[in-house]
Every structure is written in C-alpha cells, then in structure tokens.
Amino acid sequence: MSPKFKNPRARFNFQGRTCSITGVGSYLPAKILTNAHLEKMVDTSDEWITTRTGIKSRRQAAKDEFTSDMAAHAARRAMKMAGVTADQIDLIIVATITPDMPFPATACLVQQKIGARRAAAFDVEAACSGFIYALEIGQQFIMSRTLDTVLVIGAEKLSSITDWTDRNTCVLFGDGAGAAILQSRPGSHGLLTAVMGADGAKSNLIHMPGGGSRCPASVDSVAAKLHYLRMDGRETFKSAVQAMYHAAQEALRRCELDISKIKCIIPHQANRRIIDVVGERLGATPEQLFVNLDKYGNTSAASVAIALDEAVTSGKISRGDLILLVVFGSGLTWGAAVIEW
Ligand code: UT7
C-alpha cells in the first residue's frame, strides 16, 4: 500500500484496475481580447476587471471555428501525449454548454473530426462543472472493465452566447478546450475519488432562458436577448465559495488526505477572489493554487481541463504528485476530484 494513504479503500484500485489520465491537451483560439479592447466596447475599465476578477485577457474563437473544432484540436494533443490512436478510443464524452448545435451531440462531431470510428459519443451538460462530471462518468467505464480508453473533453465557445453589450457578463468569459485520455495503468493510482453535487433550486443564478423547449427561438425571443447567458454575479460568488470549499473537503476526507499533501490545486477559473477565498478556507498556500484565468478568463467546462494541461506541460505537476480539481457552475453544480498523477 502506498504510504500516502491511510485507508486503502479510498483508492480506486480494484484488482489492479486503476483509472489514470495518460494524456492531456488543450487548445486556445488565436484571437486575444484584452481588457483594453473591452474598454472600447462597454462602460468598463482594466482596473475594475482586474481587481474584481483577476482577468486581463481572454481568447475568442473565429466565426467559422466551433466548439467541436476546438475540442478536436485538444483531443489530438491529448492522444499524442498518451500515445493513443483514434482507433483505440472506445468512448468520447464532451462537456459543454455551447454545443455546435442542440443536437446531434458535439461528441459525435468530434468523433468524425478525429476519425475515432469505433468510439461511442455523447455530451454532458453540467456547465462549469462538466469536466469533472465527465471524468467521473468516464472513470466508471474504465473501472468496470467495460471500456479501455475514454476521451474526455471540456470545450466551449462562450463568445457565441455572450451579450457583448452587457458589462456584467461580457468581461468574464473566454473560448477554448481541454482534453484528457483515461486508461487503466497497472502500478499507478490515477483518479482516487470524485465528488459531484447539484442544487436545482438555484438554477436561476446562471442560465440562458431561450433556445430550449420552454422558450424556443423566435423573433421575440431574439429581440428580448433570451439567447444570451445571464448571471446574478453576487449570489453566484457566495454559492461558489461554499460549494467549492465543501466539495474539496469531501474529496480530501474520502481519501483521508490533509490539504498539505496536495501538490497542486486546480480550481475552476471564474474569479481570482473566489480562488483565493476557497484556498484560504482550505488552508492551502498560494503556491499550491494553479491560476491561469488572467490569460483566458472563465472558459466554463474547458476551464480546469485547460489548466490541468498547462500545469502538466509547465512542469508544475510531476508523476506521483497528488492534485485536487475543484469546480462550480450553473445548475447549480459542483465537484472535486483527487488524482495521483
Ligand atoms: O463560472 C460560473 C461561476 N461564475 C462565477 O463564479 C462568477 C461569480 N461572480 C463574480 O465573479 C463576481 O460577482 C463578478 C465579477 C461577476 C462581479 O463582481 P462583484 O464584486 O460581485 O460586483 P457586483 O456585481 O456587486 O457589481 C458591483 C458594481 C455594480 O455597480 P453599482 O451597482 O455598485 O453601481 C456593477 O454595475 O460594479 C458594476 N459593474 C461593473 N463596472 C465596471 C459590473 N460589471 C462591471 C464592469 N465594469 N465590467
């Protein structure tokens, strides 16, 4: 037994079966939208955005660049790191709130783009928590020996549902994608635990009212701007701190781990102040917290997937390190995962 864990049951390791992340990759569109650009679009300032959120710039996908394109780019990079070919992929799960279209699933479009003809494919909609939800779902297929190789992707084109005249929201979001390959690797530990939660009573805090069965697209719905994301920022902030703190605590408790044992905490990149408050409440040091929202803003389901890739490729995480992912988003939804890298 690894001396790091007091309780062997905390480890997802059944008869030698583990669920490891064997490759990660990300993709960010080329266009950079800085706070200075936004100052020319709405009544805001670099000073306000920086002090209230920590964001300095975000990426914006081209008009003809869609969620499935960004997802496919990230997927190819993760496959390359894992040494996996398209034929080996059994299942593709895409977490997104900005699919290319309401149906078919963006995962099916990715399947075609990367040539993974053997793979089953579906989307998961858990907003900013989507990547952890998708990881947990993928893990179940690996641990049950149903499948050997699962591709999990978080991808968003949030610029397509952003009201570029609303300063309350347009400064916050960005586009991008992150991907991970899940496989069993004997001798390694991988995903140790994943926590998921939701509170539908607070579904109105972040939502897009139009485009579903309740309010299908019409001339009136477009005129009323119902196809844009809406958020009660202040209430969302409070809920985010609570939910991320409790999800992280629960994940650590299940593994009987103290926060000091975690090398790197990768929180959902929504707001620097949320990250700092959650980190402080958990008793983490600033060095443990991975932050890249200054460059990319809030990319929803892609957020922790992109950050995980950057943490790995920049050398912040090495094999054997313990890492904690913690997320929060519309739904409300939340989640946390502990991984031995
Ligand atoms: O990914 C899903 C999860 N999302 C989140 O976790 C987001 C959580 N919420 C937040 O990050 C923050 O609440 C915001 C960054 C959205 C807002 O920060 P805040 O400190 O909560 O500001 P506020 O909404 O209380 O607004 C304060 C003031 C208001 O003006 P008055 O009413 O005090 O005169 C806003 O109108 O700031 C104003 N304001 C702005 N001013 C300049 C709002 N947006 C802007 C802006 N530029 N872009």
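This report describes the domains, nonpolar cores and charged pairs of a predicted model.

## Basis of the model

Residue numbers start from 1 along each chain as its sequence is written. Because the model is predicted, local features need pLDDT of at least 70 and side-chain atom pairs count only at pLDDT 80 or more, while totals for chains, interfaces and linings use all residues; side-chain values use heavy atoms, with hydrogens and water left out.

## Domains and their interface

The domain assignment divides the protein chain into domain 1 (10–187) and domain 2 (192–340); such bounds come from an automatic or database domain assignment. The centres of the two domains, taken over C-alpha atoms, are separated by 13 Å. In domain 1, 47 residues are in contact with 50 residues of domain 2, where contact means heavy atoms within 4.5 Å.

The size of an interface is often given as the accessible area lost when the parts come together. Between domain 1 and domain 2 the buried area is about 3800 Å², and carbon and sulfur atoms give 65% of it. Buried area here is the accessible area (1.4 Å probe) that two parts lose on being put together, summed over both. Of the area that domain 1 buries against domain 2, Cys 128, Ile 132 and Tyr 133 supply 18%, more than any other three residues.

The interface between domain 1 and domain 2 also holds 21 residue pairs in polar contact, both residues being at pLDDT 80 or more. A polar contact is a pair of N or O atoms within 3.5 Å; within protein, one must be able to donate a hydrogen and the other to accept it, and residues adjacent in sequence count only if both atoms are side-chain atoms. On the side of domain 1 that touches domain 2, two or more residues come from each of strand S1 (20–27), helix H2 (46–53), strand S3 (57–60), helix H5 (130–143), strand S6 (150–157) and strand S7 (175–183). Helices (H or I, at least four residues) and strands (E, at least two) are DSSP runs, numbered from the N terminus.

## Nonpolar cores

A nonpolar core is a set of buried Ala, Val, Leu, Ile, Met, Phe, Trp, Tyr and Cys residues joined through side-chain atoms within 4.5 Å. Buried means under 20% relative accessible area, exposed over 50%, and partly exposed in between (1.4 Å probe, protein chains only). The largest core has 44 residues, of which Leu 257, Ile 259, Ile 262, Ile 265, Leu 324 and Val 338 touch the most other members. At least two residues of this core are supplied by each of strand S8 (190–198), helix H8 (233–254), helix H9 (272–282), strand S12 (322–329) and strand S13 (333–340). H8 gives the largest share, 9 residues. Domain 1 and domain 2 each contribute at least three residues to this core. Another core, of 39 residues, lies apart from it and includes Val 24, Val 124, Ala 134 and Leu 147.

## Salt bridges

Side chains of opposite charge can pair when their charged atoms come close. A salt bridge is a side-chain nitrogen of Lys or Arg within 4 Å of a carboxyl oxygen of Asp or Glu, and by this rule the count comes to 12. Across the interface of domain 1 and domain 2 the rule finds 1. Asp 163 and Lys 225 form a salt bridge, with their closest N and O atoms 3.4 Å apart. Asp 163 lies in the loop between S6 and helix H6 (167–170) and Lys 225 in the loop between helix H7 (219–223) and strand S10 (230–231), so the pair ties together parts 62 residues apart in sequence. Asp 163 is buried at 11% relative accessibility, whereas Lys 225 is partly exposed at 34%.

Asp 90 and Arg 118 meet in a salt bridge of 2.5 Å, N to O. Asp 90 counts as buried at 11% relative accessibility, and Arg 118 as exposed at 52%. A further salt bridge joins Glu 310 to Lys 295, with the closest N and O atoms 3.2 Å apart. This pair links helix H11 and helix H10 (residues 293–296), 15 residues apart. Glu 250, Arg 253 and Arg 254 are linked in a network of salt bridges.

## The surroundings of Asp 321

Asp 321 is located in the loop between helix H11 (303–313) and S12, and it counts as buried at 16% relative accessibility. A polar atom of the Asp 321 side chain lies 2.7 Å from the backbone nitrogen of Ser 318. Leaving aside neighbours within four places in sequence, Asp 321 is in contact with Lys 263, Lys 316, Ile 339, Glu 340 and Trp 341.
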